[in-house]
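Here is a short briefing on a few side-chain details, grouped by topic. Have the viewer open as you read along.

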Amino acid sequence: MIFLSQNGVSATSNAVIAVFLAALTALSIIGLIVCLCRFTDSDGQVKNTAVAFLLIFGAGFAVRLIFALCVRGYRNDYALFTGMFNHLKNYGLSGYYNGDASVVLYPTVYFIYLIFGGLSNVTGFSQYGLGTQFMIKLPLIIADLLAAFAVYKIAKRYFNKRVGLALCAFVCVCPIFFIGSSLWCTPITFTVMFACFGCYCLAQKKYIGTIALMTAAAFSSKEGIYLFPVTCVFCAYHFVKAIANIRRGKPQGVSILADDYRAAVTVPVGFIASLVGAYVLGLFAIASYSYNPFTYIYQFLLAPLVDWKYFTFNGLSVYAIFNQNGSVPSARFPSWLFVCIFIAIIVAVVCVVYFSKRNRATMVMLAAYALYTMQSYYPGSTAIGFQSVFIVLIAAYALVRDKRLLTVLFVSGIAYVINSVTTLGAAGYLNNLSDYNFGTEQILLTGAMSAVPIACSVVTVLAHLYFTVVTVSVGMTGQKKMLEHREGILPAIKEYFSVKRVR
């Protein structure tokens, strides 16, 4: 594979990589189903957790590193990182942000790459194409593995340790989760990591941690802001509830930090701390934003919601189905109206479903649903945008345990792998050739190739409709379809596909 990736753009190299990814996706899905059926009723005890972690994370790191060195990535996204490295080398910290959030790294990612960019320049890695490629991909790989660890923490606490290790291994080796970091090279990987740890804090009602991590996710890529309506509803509800409890209980002194009251203190502290953190980050960008640190907050959080270059660009979106792939919205398109409508829809769905049972596990599922909805129906999606959905969806499964969530994950994940790999292959990017071999224009899937995003979008939109049914069923009625204990491959697969009543 390494030989093929270094010797030009060819159908052979594309086919080898595509077949390997397809096989690994199928095997990892089957392996997960078998492990979940076997461990679902287990006591969760593991004799040597350290060895298990070493094998799982070693395999995850190895498979990511192989693809990271064989495939440079989607050149437009890869250029964000090389541009930052070059700017750091030539100009230091001054003048990086230029007022256009689409051509620079988001602040959280920028500060992470200050370390690796500095190391790349100091050690001389930046003088070599493969060295720069390694230093760019390494933080993405680390972020991926940290997200897998967050999934383990969630599943261990709310399911059992063996299921936690199985889900962690699935995230480590399944291409659904590492295409963004190892092949595409997208900053969304950091959004995924922060969002997953944010969901872990949300499930434990750690409000400051939830707000801080979701804020970090929002300042990592535009997909992170899609989680904010869910975070605000959750925190606002518990804040109001805590205020009501304080009026009834009248706690004194430190007793106000008890579980029934602490949201009245920690929620405001979390939002204020996040605002202060955003302000501090903005101090590094004020030279580019008329010396107003809050201007850049608008540029990174709100402007991307209304400034779309396309309805969708090779994305898994309803707009692709209606042949709007690559279409540019007119100047009179009501973008702000779209923002308000989608915020109202997400908030309404979250409120109706969450307030039915007030279950924190449901809130993580709603976070995944919000991300999925925005990627499917909101303008501006790309082929890699769905990367933000899957890790939150697998975390939701660890909390809810409904096998229908796995169906949504598998179906949409396979469609995502096909579409993203096709996009990379059609552009000639499934290799690590130097950038001068390619033009600067993004490659739109047209002609016969346009059938791929259309077909995959049909699949993901249908999966979204099914996800809606599952969300209502679990969130409002509490009914679930859970896997039962089975031993062996065939019995496990039969159990997964069995039709049973919800319970």
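A residue counts as buried when its relative accessible area is under 20%. With that cut-off, Tyr372 and Phe467 are both buried. Please keep in mind that this is a predicted model.

**Aromatic pairs**

- In total there are 40 aromatic pairs, counting ring centres that lie within 6.5 Å.
- One of them joins Tyr113 and Phe190: the ring centres are 5.9 Å apart and the planes meet at 85 degrees, so this pair is edge-to-face.
- Tyr113 belongs to helix 5 (residues 107-123) and Phe190 to helix 9 (residues 188-203), so the pair links distant parts of the chain, 77 residues apart.
- Tyr113 and Phe190 are both buried.
- Tyr372 and Phe467 also make an edge-to-face pair, with 5.8 Å from centre to centre and 70 degrees between the planes.
- Because Tyr372 is in helix 16 (residues 360-377) and Phe467 in helix 19 (residues 451-477), their pair ties together parts 95 residues apart in sequence.

**Cluster and charge over a ring**

- One aromatic cluster is formed by Tyr96, Tyr97, Tyr106, Tyr110, Phe111 and Phe300.
- Arg401 places its charged end over the ring of Phe159, 4.1 Å from the ring centre.

**Around Asn419**

- Asn419 is found in helix 18 (residues 403-427).
- Its relative accessibility is 0%, so Asn419 counts as buried.
- A polar atom of the Asn419 side chain lies 2.8 Å from the backbone oxygen of Asn314.
- Leaving aside residues up to four places away in sequence, Asn419 touches Asn314, Gly315, Leu316, Ala383, Leu445, Val452, Pro453 and Cys456.

Definitions and conventions:
Residues are numbered from 1 along each chain as its sequence is written. This is a predicted model: local features need pLDDT of at least 70, side-chain atom pairs count only at pLDDT 80 or more; totals for chains, interfaces and linings use all residues. Side-chain values use heavy atoms; hydrogens and water are left out. Helices (H or I, at least four residues) and strands (E, at least two) are DSSP runs, numbered from the N terminus. Buried means under 20% relative accessible area, exposed over 50%, partly exposed in between (1.4 Å probe, protein chains only). A polar contact is a pair of N or O atoms within 3.5 Å; within protein, one must be able to donate a hydrogen and the other to accept it, and residues adjacent in sequence count only if both atoms are side-chain atoms. Contact means heavy atoms within 4.5 Å. Rings of Phe, Tyr and Trp (its six-membered ring) pair if their centres lie within 6.5 Å; planes under 30 degrees apart count as stacked, over 60 as edge-to-face and the rest as tilted. A charge sits over a ring if NZ of Lys or CZ of Arg is within 6 Å of the ring centre and within 35 degrees of the ring normal.
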